[in-house]
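Welcome! Take a moment to look over the structure below, and then we will walk through it topic by topic.

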Amino acid sequence: MLHISNLYKIFNYGEVNEKIALQNINLRLAAGEFVTVIGGNGAGKSTLLNCIAGVYIPDQGTIHLDGREITRLPDYQRAASICRIFQDPMTGTAASMTVEENLALALRRGMKRRLVRAITEKERKLFRDKLARLELGLEYRLTTPVKLLSGGQRQALALLMATLVRPKLALLDEHTASLDPKTALRVLELTRTLFEKENITTLMITHNMEQALRMGTRLIMLHEGKIILDVNDGEREGLTVAKLIELFHAASGEKLQNDRLLLA
Amino acid sequence: MNLTLLWSTFNLGLLYGLLVLGVFITFRILNYADLTVDGSLPLGAAITAILIYTGTNPFLATLAALPLGALAGLMTGILHARFSITPLLSGILTMIGLYSINLRIMGRPNVPLLKHGTIFDALTGLGISLRASQTVIALAVIILVIVGLYLFLSTELGQALRGTGDNEVMLRSLGVNTNRMKILGLAISNSLVALSGALIAQYQGFADINMGIGMIVIGLASVIIGEVVLGVKSIPGRLCAVVVGSILYRLAIALVLRIRFIEYTDLKLFTALLVTIALISPKISKRFKQAHKLAVAEEGQKDGLSEKVGG
Ligand SMILES: Nc1ncnc2c1ncn2[C@@H]1O[C@H](COP(=O)(O)OP(=O)(O)OP(=O)(O)O)[C@@H](O)[C@H]1O
Ligand SMILES: [Mg+2]
């Protein structure tokens, strides 16, 4: 499904502030796998997702999606198969546009934009049905500008938008981190129903170790641009946050100083 | 102010309304401050004037402004999108280049049209006055453009354009080539601005190399006046509002000119002040509201009523 080999990304190459953000990343995802990604600040998690999405072009290595090489494809040309959810709910929706306008934009992910009416009555009905399933009452607010919604509502809408056209691969970057605990839980539940239960191949970055252990089928840990831990479902059973920290020490040879990573 | 003056002010407001609609597309829809307009307005005026001067049908001469304006926008768009030059600088580069091009097109700094028939003479044969003919034609063009823009903005392509101005990152993640969208928006905008120049030249009876100076500020002033005065939210409402803004701006100028010690050359300063006030007034009113809220909160605390008032 997704095959990354020998991937390097270096920022500010040859300058004093040169930063090797990713080094020799090798990763293979099978179709339908749901992988949680953890690691401290600056470990390279977002950079990895950005390379896969095409926002950054890697300096070395290749990325294949479904057998097709996409290493140097511009981001907007990968959008047909890859969807993204961002940490900031503002990034996932267009604030000045209405709920239905946002959904209509997402319904044509990866398609050519034509000179025909953007929203048909039939699509409006589809939007209402799908929104009703979120149980946030958004089905009655199709023509509300998204900027009037709460952060949680916007993030839920972003999740729905991402799955409106079934993606081959979903990239979620700390998409619950800026929400209050209760809302974060709701959005996490939605993530389960919309991505995990639908067997959409997913990479989900999180800073919550509990969450990383409970969700999905596999866990990887990044440290200084390298994958230092990769545990699949069988091995994950019986793994606790404490054990995970121990494993981190063993793999990185360092004490874990990052409080954020420890936050459960 | 007498009725005739009021009427011609209204006509001129409508013709500048096309410039304002162009500025609305870049400034409000694309979120892009485009200075190309200072060059594309005289570009439209220049091409139309010289074509009419050399005997072309005024209708065709006016239409010629559209593709040329689009080309100017395309240029700015390519400088910005392909070569990553900032929006402001891209616009300035095109604008400066256009100054020479406009001179080349006209072959002299000023082309008079007083002895030539213009598009506004089209209806005078029907027995209505020139002024009435100007109103009818200007209104027809404005309505056509507003309806066209509204229809375009509700298509898939138009929505992608709106989305690009709102959230470029998201639109790219949804597979939209946002660079292409910006170029498209700039081309549409500047073709309208050039059309505005083409009609204004015919209205005033000449095209002048310097007629573009300060057009961006006039456009912004009108957009803001229209939005503040009418305060509508829907897209068709906003399109109409900015044209009303253009007429109100012309009215304000006409009124200011009646003040005895104000010279015609002071107008640019007046416009700059107007836009400055319009741009900072939302911030001032916000601060005022905040102060008001705090005062209310303090009152409430004194009464033991209020718990917490967020700012
Ligand atoms: N555009 C950029 N230019 C220069 N350096 C960058 C850029 N983006 C990321 N970096 C650097 O690359 C390293 C990895 O950053 P990245 O954002 O991938 O970390 P992360 O694992 O997502 O961290 P966090 O948990 O804080 O989000 C960091 O040291 C960061 O400073
Ligand atoms: Mg990150």
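What covers the buried residues of H7(A)? The cover includes strands E3 (34-38), E6 (82-85), E7 (169-173) and E8 (201-205), together with helices H6 (151-164) and H8 (209-214), in chain A. Please keep in mind that this is a predicted model.

**Helix H7 of chain A**

- Helix H7 of chain A spans residues 181-196, and its buried residues are A:Ala184, A:Val187, A:Leu188, A:Leu190, A:Thr191, A:Leu194 and A:Phe195.

**Where chain A meets chain B**

- Contact between the two chains involves 29 residues of chain A and 20 residues of chain B.
- The size of an interface is often given as the accessible area lost when the parts come together.
- Here, the area buried between chain A and chain B is about 2200 Å², with carbon and sulfur atoms giving 57% of that area.
- Three residues, A:Tyr76, A:Leu105 and A:Arg113, supply 28% of the area that chain A buries against chain B, more than any other three residues.
- Across the interface there are 15 residue pairs in polar contact, counting pairs with both residues at pLDDT 80 or more.
- Helix H2 (75-78), strand E6, helix H3 (89-92) and helix H4 (99-107) of chain A each supply at least two residues of the side that touches chain B.
- Of the elements in chain A, H4(A) gives the most to this side, with four residues.
- The residues on the side of chain A that touches chain B divide into 14 nonpolar, six polar and nine charged.

**Salt bridges between the chains**

- Side chains of opposite charge can pair when their charged atoms come close.
- How many salt bridges are there between chain A and chain B? The count is four.
- A:Arg108 makes a salt bridge with B:Glu156, and the closest N and O atoms of this pair are 2.5 Å apart.

**Salt bridges within a chain**

- Over all chains, the structure holds 17 salt bridges.
- In chain A, A:Arg186 pairs with A:Glu189 in a salt bridge whose closest N and O atoms are 4.0 Å apart.
- About one helical turn separates A:Arg186 and A:Glu189, because they are three residues apart in helix H7 of chain A.
- Both partners are partly exposed: A:Arg186 has a relative accessible area of 31%, and A:Glu189 has one of 45%.
- Another salt bridge links A:Glu210 and A:Arg214, with the closest N and O atoms 3.9 Å apart.
- A:Glu210 and A:Arg214 are four residues apart in helix H8 of chain A, about one turn of the helix.
- A:Glu210 is partly exposed at 34% relative accessibility, and A:Arg214 is partly exposed too, with a relative accessible area of 48%.
- In chain B, B:Arg238 forms a salt bridge with B:Glu227, and their closest N and O atoms are 3.8 Å apart.
- B:Arg238 lies in helix H11 (residues 235-257) of chain B and B:Glu227 in helix H10 (residues 215-230) of chain B, so this pair ties together parts that are 11 residues apart in sequence.
- B:Arg238 is partly exposed, with a relative accessible area of 22%.

**A salt-bridge network**

- Which residues do salt bridges with shared partners join into one network? They are A:Arg108, A:Arg114, A:Glu123 and B:Glu156.

Note on methods. Residues numbered from 1 in each chain as written. Chains lettered and ligands numbered in written order. Predicted model: local features only at pLDDT ≥ 70, side-chain atom pairs only at ≥ 80, totals over all residues. Heavy atoms only, no water. Buried < 20%, exposed > 50% of the residue type's maximum accessible area, 1.4 Å probe, protein only. Contact = heavy atoms within 4.5 Å. Buried area = accessible area lost by both parts, 1.4 Å probe. Salt bridge = Lys/Arg side-chain N within 4 Å of Asp/Glu carboxyl O. Polar contact = N/O pair within 3.5 Å; in protein donor to acceptor, adjacent residues only side chain to side chain. Nonpolar A, V, L, I, M, F, W, Y, C, P; charged D, E, K, R; others polar.
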